[in-house]
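Hi,

Here is the structure I promised to pass along.

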Amino acid sequence: MHESILTHARSRYLWVALALCLVSIGLYVWHDPDPVPNGGTWLGYTLGTIGALLIMWLLLFGVRKRSYSTSLGSTRGWLSAHIYLGTALILVALLHCGFQFGWNVHTLALVLMLLVIFSGFFGVYVYLRYPALMTRNRENATRDAMLEEIAEIDQNALALADGIAPEIHAVVLRSIENTRLGGGVWTQLRARDGSDIAIARIRDAIAQRNTQLGAKPAPLKAGQTIIAMVDFLADQADDKQTEALRRLIDMLSRKRSLATRVARDIQYQAIMEIWLYVHVPLSITLLAALLTHILSVFFYW
Amino acid sequence: MAERFRIAIVGSGPGGLSAAARAAERGESHVLLEAEPHLSNTIYRYQKGKYVMDEPGILPLRSPIPFVAGLRETILEAWDESSARLKVNVRHRHEVKSIQRRADGVFDLACTNGAKFEAQAVVLGIGLQGNLRKLGVAGEDLPFVQYQLDDPDAYEGETIVVVGAGDAAIENALALAKQNNVVLINRKDEFSRAKKGNEQAVLKAIEDGVIECYYNSAPERVEALNAGRKPGRMILSTDKGRAQILLDRVIARLGATAPRGFVEACGVTFPSKDPASVPAISPQYESNVKGLYIVGALGGYPLIKQAMNQGYEVVEYITGSVVEPADAPLLKAKFSGLGGFRSVDEALARIQKNVPVLSHITPLQMREFMLDSDIRTPAEGETIFARNDYTNSFYSIVEGEVRIVVEGQAASVVLRRGEFFGEMSLISGRRRSATVVAGRNCILVETPRRSMNRLISSVEAVKREIDRIFIVRAIQSRFAPEATHEQLADMAANATLVRYKAGDNVFQEGEVGDCLHLVRVGSLTISRNIGGKDVVLTYVAAGNYVGEMALLGESRRSATARAAIATETIRLDGDAFKRLLAKIPVLKLRLQKEYRQRTAANLAMQSAPEGGDIISFLMAQGAGEATDILLIDESLCVRCDNCEKACAETHGGTSRLDREAGPTFANVHVPTSCRHCEHPHCMKDCPPDALRRAPNGEVFIADNCIGCGNCERNCPYGVIHMASKPPKKPGLLQWLLFGRGPGPGEAPYDAGIKKDGQAKKAVKCDMCKDQAGGAACVRACPTGAAIRISPEEFPAYAQSRR
């Protein structure tokens with residue numbers, strides 16, 4: 001049955017990581033170097049080597065993920081281990097340096113490592129939370145199906161608006177032009193689309209028309225819901241155009257709900273991917289810093 | 001006055017054309033009658049640039065016209081050229097409507113255009129496509145009434161009336177509606193015959209006003225108009241009265257009339273009513289009507305090369321020459337392992353003599369049967385197949401004996417010369433129920449599923465014999481391995497085979513139960529009515545029984561058993577069963593034990609009815625006929641598509657699964673991916689028999705695929721498509737270090753660029769049978785969202801998702 005990355009194989013790697021932590025803490029407490037614990041003692045070197053090997057292995061996950069035909073464990077198992085052992089790395093690295101920090105390349109490596117790990121934590125959070133949100137938001141439709149429906153509503157709305165008035169037609173046309181789904185990183189993450197504007201404009205158009213007809217200006221306020229608007233329309237004189245307008249608003253609100261869902265879908269997907277654009281480049285930087293750290297340590301000898 | 005020829009050949013497909021060419025080459029008096037204005041209509045109708053393959057590769061070609069794998073155009077051109085060079089006497093637009101054999105042995109052939117011919121011998125090579133059904137009303141042959149649509153984009157801004165409610169009509173209507181005004185005429189009030197996807201699409205198009213549809217309507221007549229903007233009109237009778245449509249074009253897609261009716265009218269008999277059965281023909285391809293020969297697909301030989309060879313041979317036979325069939329060397333090689341081999345005919349006769357079930361079939365069927373089959377001479381003690389293997393071939397014992405190792409029993413059952421085995425998996429489509437080990441001096445004939453099924457459907461006696469043995473063995477293996485055949489005879493005699501359509505009730509909750517059912521093909525769901533709602537409790541796969549509860553105490557059915565898919569059961573009479581229980585006391589104990597387990601499982605499910613909803617949902621997706629299905633937990637899936645990438649990377653660049661498509665219920669998503677059905681729909685009509693089942697159950701496509709697309713059309717789940725191999729990618733390190741793209745998991749450079757003339761073959765999931773670690777999609781899933789399970793695990797799966 002389905003197992004999440006945290007419970008994979010009865011959380012086998014959680015126990016491995018815990019054991020690693022306990023052994024490291026035990027040795028650290030037992031070991032009493034002179035003058036203070038640091039990276040230069042035998043334990044410091046041992047933990048440093050373990051840490052460096054761990055980093056190398058954690059980096060290999062990127063390779064493993066792309067080795068589709070390997071029979072070396074499942075990707076899920078690797079990811080589970082990647083998370084738990086990556087978390088344990090915080091402790092291993094801190095014990096390795098004996099909590100000594102400074103403004104140097106060594107601490108730079110540590111800071112980079114922590115950044116990588118914490119961006120990874122965000123990733124774990126996102127992976128556990130967003131999939132279910134995404135499914136709920138989609139309501140059993142695919143993104144393509146929703147986009148198709150939007151395009152279709154656009155067509156129908158345009159045809160309907162054509163029969164009402166040129167200004168309404170223009171409003172709908174502009175709404176179609178204004179509906180932008182996806183785009184740059186920021187747009188994707190903000191989950192905004194231009195579909196709201198159309199409804200506001202149509203509302204204005206109704207108000208305007210009513211003013212021209214000598215009726216009272218529509219008592220519509222900004223926060224009013226579409227349902228209220230439909231009620232409002234129903235109260236108006238029963239003419240064909242009003243009826244068409246009401247249908248148009250129905251269509252546009254359906255479109256708006258779809259567009260909102262698509263935008264949110266894109267947002268969720270973007271969030272699930274964006275952190276990797278921090279996690280992966282930082283880990284490559286970490287690799288460089290780590291090599292510099294190791295190399296420079298040899299000059300102390 | 002009728003023209004007279006020695007040989008009249010009907011149909012200019014590969015078989016007919018080859019026969020005519022051979023007759024022309026030999027200077028025989030002949031005529032080739034073709035309904036269409038071109039040769040080989042079936043191949044002519046292939047899409048432009050289609051790559052035609054020449055399987056089976058081992059069979060040599062024997063024909064005066066050339067044929068090698070290549071483009072449709074090249075092949076047709078070569079055929080036109082050689083038919084002109086050999087001066088084949090072809091008459092186009094001559095559709096034969098009747099063939100009658102006179103008392104003096106001469107055939108009278110009449111064509112729809114009034115032409116008449118006389119011939120001493122007739123070669124029928126009309127294939128299986130049949131004739132397109134016409135409107136059947138006045139005006140059906142007007143120039144703007146067509147029965148086929150090659151390129152929907154060729155029409156623009158027209159009013160087109162599409163008649164029909166099948167897939168072809170819907171697909172045409174939808175494609176034409178893009179730039180035309182389309183009216184659809186449906187005789188019924190629904191589109192029940194169409195595939196689900198097509199039905200939904202057309203209903204939506206009608207609702208949106210893209211297509212106008214007349215339900216419960218039929219064309220009354222079509223007329224050409226001289227005045228007005230439209231060239232014609234159709235008068236339509238609807239349930240609200242008569243209607244008139246002014247139109248530019250009528251496209252009628254009413255299917256084809258199977259050629260069987262015509263063939264039967266010629267006097268040829270078919271062995272059974274089964275639509276898959278083919279007429280019995282002699283080794284010289286002569287039917288039961290003397291002088292009437294049948295070649296090609298109509299006679300059961302769907303491949304181009306086979307048909308061409310037969311066309312050549314049939315002319316030799318008619319003219320009295322002796323010719324060894326082209327397949328003789330193949331058979332000789334096959335029989336070479338057989339001790340004391342003298343000739344092919346002798347070996348065939350020996351097998352038929354030794355195996356009674358094969359004695360009912362004609363020599364030509366036997367030849368075909370042996371061409372497909374393998375002769376196996378396993379050493380003593382060698383395992384022929386193991387319990388739980390997924391193979392589905394059929395074995396006949398020619399010499400020696402085999403032992404069937406029954407689980408949990410020291411003594412094994414011995415089968416001897418003349419008996420057969422392997423019919424259980426062949427029929428149920430499920431795993432082998434026992435291990436079979438070779439005995440001394442054992443010679444077996446192993447027949448693949450397709451050939452055996454063809455034989456079963458064309459020879460009634462074979463079917464009867466296999467069904468009889470199946471029932472006895474099924475009862476024995478499922479209930480009473482220790483019982484003798486005599487003890488079971490009573491029950492077997494009272495057992496009947498019952499068929500159910502998907503959704504039919506086998507029995508209903510509350511009914512009085514007087515029998516039990518052993519599921520032979522398909523599967524059932526067991527449900528109870530709880531609080532007015534049907535709650536599915538469990539799923540029963542082929543090989544298991546239901547209804548025993550009512551015989552063991554309770555007299556009424558405690559639950560409803562419903563066929564999840566098309567299902568066949570063995571109905572065992574309750575009284576006979578009770579008599580058997582009395583004879584074998586241990587059986588009662590065994591049944592009671594199983595009964596207790598089932599009741600406990602049912603109670604567990606009843607306490608968590610949401611689990612039943614998941615089973616119902618899976619069944620609605622056709623999982624009832626699956627053997628292994630990919631499920632994605634959408635609460636874990638991060639939509640990284642690594643599953644699809646892994647599939648593409650391990651399978652020549654084309655993913656065989658579509659993660660996003662497919663329905664979701666309670667976070668359980670059924671992606672578009674092969675379920676490895678028990679009776680795969682894709683295997684139904686594969687000319688080269690390229691769809692196979694591996695021992696672990698994987699349904700895969702072998703390399704001899706000819707790219708005909710039948711499997712793609714037959715798969716109800718849309719998991720097969722046609723693809724050509726993309727170019728090779730650089731390795732991981734090259735990509736990582738030198739930026740050579742595309743990298744692992746990335747789409748190839750020219751994906752989507754269609755190259756004409758490149759061989760496209762069918763691709764589908766093979767469950768990574770050649771991958772060491774198992775299914776790549778599941779292994780590549782980083783979050784554990786993707787799993788593959790078999791239907792037996794559904795109840796447990798449903799419970800795990802509470």
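A quick definition before the contacts: a salt bridge here is a side-chain nitrogen of Lys or Arg within 4 Å of a carboxyl oxygen of Asp or Glu. Please also keep in mind that this is a predicted model.

**Between the chains**

With that cut-off, A:R138 and B:E660 qualify as a salt bridge, because their N to O distance is 2.8 Å and the limit is 4 Å. Across the interface of chain B and chain A, the rule finds two salt bridges. There are also 14 residue pairs in polar contact across this interface, both residues at pLDDT 80 or more.

Which elements of chain B supply at least two residues each to the side that touches chain A? They are β36 (629-633), α18 (642-650), α20 (732-738), α21 (776-780) and α22 (794-800). The largest share comes from α18(B), with five residues. Sorted by class, that side of chain B has 18 nonpolar, eleven polar and eleven charged residues.

As for the extent of it, 40 residues of chain B are in contact with 30 residues of chain A. The size of an interface is often given as the accessible area lost when the parts come together. For chain B and chain A the buried area is about 2800 Å², and carbon and sulfur atoms give 58% of that. On the chain B side, B:R639, B:E660 and B:R779 lose the most area to chain A, together 22% of what that side buries.

**Salt bridges within the chains**

Over all chains, the count by this rule comes to 57 salt bridges.

In chain A, the side chains of A:R261 and A:E139 meet at 3.3 Å, N to O. This pair links distant parts of the chain, 122 residues apart: A:R261 belongs to helix α10 (residues 240-274), while A:E139 is in the loop between α4 (105-138) and α5 (143-162). Are the two residues buried or exposed? A:R261 is buried, with a relative accessible area of 11%, whereas A:E139 counts as exposed at 55%.

In chain B, B:E3 forms a salt bridge with B:R91, the closest N and O atoms being 2.6 Å apart. That pair links strand β1 (residues 3-10), which holds B:E3, to strand β5 (residues 90-91), which holds B:R91, across 88 residues. B:E3 counts as partly exposed, at 34% relative accessibility.

Another chain B pair is B:R528 with B:E509, where the closest N and O atoms are 3.6 Å apart. B:R528 sits in strand β31 (residues 523-530) and B:E509 in the loop between β29 (505-507) and β30 (515-521), 19 residues apart. B:R528 is partly exposed, with a relative accessible area of 28%, and B:E509 is partly exposed with a value of 28%.

There is a network too: B:R4, B:R102, B:D104, B:D108 and B:E118 are linked by salt bridges.

**A strand pair in chain B**

Back to β36(B), one of the elements that supply the side touching chain A. Four bridges join β36(B) to β43(B), and the two run antiparallel. B:L630 stands opposite B:R788 in β43(B). Strand β43 (residues 786-789) is covered on both faces: B:A786 and B:R788 on one side and B:I787 and B:I789 on the other are all buried.

Cheers

Notes. Residues numbered from 1 in each chain as written. Chains lettered and ligands numbered in written order. Predicted model: local features only at pLDDT ≥ 70, side-chain atom pairs only at ≥ 80, totals over all residues. Heavy atoms only, no water. Contact = heavy atoms within 4.5 Å. Buried area = accessible area lost by both parts, 1.4 Å probe. Polar contact = N/O pair within 3.5 Å; in protein donor to acceptor, adjacent residues only side chain to side chain. Nonpolar A, V, L, I, M, F, W, Y, C, P; charged D, E, K, R; others polar. Buried < 20%, exposed > 50% of the residue type's maximum accessible area, 1.4 Å probe, protein only. Pairing = 2+ DSSP bridges.
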